[in-house]
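Hi there,

Here is the structure I promised to pass on to you. Have a look at it first, and then read my notes below.

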Amino acid sequence: MSTGPVDATTTPAWQRLTALAEGFTPDLRSALADEEWVRRSTLQAGDLYVDLSKNLVDPDVWKALRALAAEVGLEERRDAMFRGEHINITEDRAVLHTALRLPADASLVVDGQDVVADVHAVLERVYAFADKVRSGEWTGHTGQRIRTVVNIGIGGSDLGPVMAYEALAPYRQDGLECRFISNIDPTDAATTLAGLDPATTLFIVSSKTFGTLETLTNARLCKAWLLEGLGADESAVTRHFVAVSTALDKVAAFGIDPANAFGFWDWVGGRYSVDSAIGTSLAVAVGPERFTELLAGMHAMDEHFRTADLEHNVPALMGLLNVWYTDFLGAQTHAVLPYSQLLHRFPAYLQQLTMESNGKGVRWDGTPVTSDTGEVFWGEPGTNGQHAFYQLIHQGTRVIPADFIAFANPAYALKDGDTDVHELFLANFLAQTQALALGKTADEVRAEGTAEEIVPARVFSGNRPTTSIIAPDLTPSVLGQLIALYEHITFTQGVVWGIDSFDQWGVELGKQLALRISPAIAGDETVAAQQDASTRSLIAYYHQHRR
Ligand code: F6P
């Protein structure tokens with residue numbers, strides 16, 4: 001993989017898309033009156049039914065987007081990823097999160113090593129540990145069973161496990177709770193530990209590098225809290241701390257028994273690691289069987305992405321659509337709106353996945369990109385968002401493509417009198433995408449008897465793009481499919497833009513500066529004097545006000 005990326009903007013397909021965008025006048029009212037358009041725009045990927053018909057595209061745009069995929073070599077790069085080639089160029093690493101969910105009887109030899117055997121060896125250890133905690137066989141220092149598992153991690157070592165723990169709430173074991181500490185704001189540790197009994201609490205220190213300031217600081221805070229609470233010495237740590245990391249030497253140096261450490265590999269990016277041992281807290285909460293179903297769902301989506309032709313390849317098409325919106329229709333953000341309270345952390349999870357992957361201005365050979373890249377991903381569950389920010393999506397001045405996600409069956413079926421509340425919920429899911437697509441004309445507003453001076457404020461332009469994704473139930477498998485879907489959407493966009501979606505150098509500078517500034521906050525005037533004027537004045541404010 002030493003050749004440079006194709007500059008997408010120089011391809012014939014890009015020129016074609018530029019021309020198509022210039023005269024593009026979307027008409028979703030006509031499109032949605034056309035049964036054939038909707039039929040052709042609706043695809044199945046695993047258990048996900050994906051309706052792309054309410055997007056601002058037409059057959060010519062689709063054709064040009066598929067040509068773009070061919071001209072930038074999307075399928076070749078996808079295959080290189082699945083083979084384990086070092087497509088993470090700046091870190092010279094393979095990108096093999098897909099190997100984490102290969103079935104045990106598969107084989108994938110990378111750099112002379114059968115990674116599938118390695119993956120399943122760790123999975124078995126994670127599952128054995130999870131079973132012991134769930135059954136009560138694993139006891140704390142005082143012999144009591146574990147009631148609370150606290151995952152200490154940040155970024156990919158937190159967001160995936162939290163998101164999935166919340167999403168799979170109906171599958172959790174009663175009497176066994178997981179909590180999560182991520183922020184170095186001491187409030188996080190203080191409030192998360194409040195009310196817990198050290199004798200029944202077990203910590204999982206999750207850090208790919210085992211060098212992350214937040215995680216190691218929080219792990220030390222938790223260790224001190226544990227030992228003080230138990231009135232015990234360091235020997236108690238073994239029964240209350242396990243670790244997940246690629247740096248097992250650092251785990252041992254921290255004082256955690258290597259027998260209680262679960263490894264993974266540098267070819268798993270942090271934001272792609274929920275299905276590695278980083279998901280240990282989740283495996284404890286929902287059990288090995290459900291965790292295996294999650295992996296199987298991810299694998300099913302991998303297979304779809306790897307084998308489906310471009311016309312039916314949902315992640316590839318959704319990634320190409322995002323390029324169309326970002327680079328040709330001027331979209332700057334992308335909303336993800338789950339009509340599922342259980343997915344309330346899914347948008348936050350996707351923010352790291354998409355923005356840490358594609359928020360870059362140079363390509364993987366170091367040359368500057370020649371088009372806009374990564375959109376801002378954001379979102380909240382419906383219907384809450386409807387009463388907060390949907391106003392801007394309906395009537396604002398910006399194009400905001402939005403993914404709506406829903407499930408035919410509720411996790412909790414409740415009735416309000418005779419009304420099935422889930423049906424009311426789904427009616428909102430359908431109504432919002434319909435309103436965004438079809439809008440409401442001035443004549444329709446007038447026909448409701450609206451006073452003329454208010455008519456403009458009550459008009460909806462329509463032609464606001466959405467994708468609807470619906471599945472039967474939010475099972476572990478379906479959650480896995482959704483995660484892998486967005487991983488591959490992100491990959492597709494990265495390939496078009498020619499960027500390395502698997503490094504994250506942009507997070508480093510702030511980390512370095514925090515360490516450099518830290519002595520100034522502690523009172524070192526020499527270091528304070530070296531700062532810029534704004535930072536100096538903020539440090540001075542701190543010293544004046546800190547009690
Ligand atoms: O600072 C960004 C980052 O490196 C993420 O990519 C990663 O998920 C997170 O920090 C946590 O890193 P680690 O798992 O090594 O503690």
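**What I found**

Of the 547 residues in the chain, 45% count as buried. Please keep in mind that this is a predicted model.

Let's begin with the whole chain. It is built from 23 helices and 15 strands. Its radius of gyration is 25 Å, close to the 24 Å that the globule rule gives for 547 residues, so the chain is as compact as a globular protein of that length. Along the principal axes, the C-alpha atoms fill a box of roughly 75 × 65 × 60 Å. If you take the contacts with a separation of 6 or more, 75% of them join residues 24 or more positions apart.

Next come the domains. The domain assignment gives domain 1 (28–87 + 308–497), domain 2 (99–290) and domain 3 (508–545). Between the centres of domain 2 and domain 3, taken over C-alpha atoms, there are 34 Å.

Now for the inside. The largest nonpolar core has 139 residues, and those with the most contacts inside it are Leu68, Ala167, Leu320, Trp324, Leu479 and Leu485. Helix α20 (residues 476–497) gives this core its largest share, 12 residues. Domain 1 (28–87 + 308–497) and domain 2 (99–290) each supply at least three residues to the core.

Which residues is Leu68 in contact with, leaving aside its neighbours within four places in sequence? They are Ala8, Thr11, Ala13, Trp14, Leu17, Leu320 and Val496.

There is also a ligand to look at. Around the ligand are 14 residues, of which Gly155, Gly156, Ser207, Thr212 and Gly270 come nearest. Sorted by class, this shell has 2 nonpolar, 9 polar and 3 charged residues.

Why is Asp188 partly exposed? Asp188 has 18 other C-beta atoms within 10 Å, and a residue counts as buried only if 20 or more lie within that distance, and as exposed if there are 12 or fewer, so Asp188 falls in between. Leaving aside neighbours within four places in sequence, Asp188 is in contact with Ile181, Ser182 and Asn183.

Enjoy exploring, and write back with any questions!

Best wishes

Technical notes. Residues numbered from 1 in each chain as written. Predicted model: local features only at pLDDT ≥ 70, side-chain atom pairs only at ≥ 80, totals over all residues. Domains from an automatic or database assignment. Core = buried A, V, L, I, M, F, W, Y, C linked by C-beta atoms within 7 Å. Helix = DSSP H or I, 4+ residues; strand = E, 2+ residues; numbered from the N terminus. Contact = placed C-beta atoms within 7 Å. Near = placed C-beta within 6 Å. Nonpolar A, V, L, I, M, F, W, Y, C, P; charged D, E, K, R; others polar. Rg over C-alpha atoms; globule rule 2.2 N^0.38 Å.
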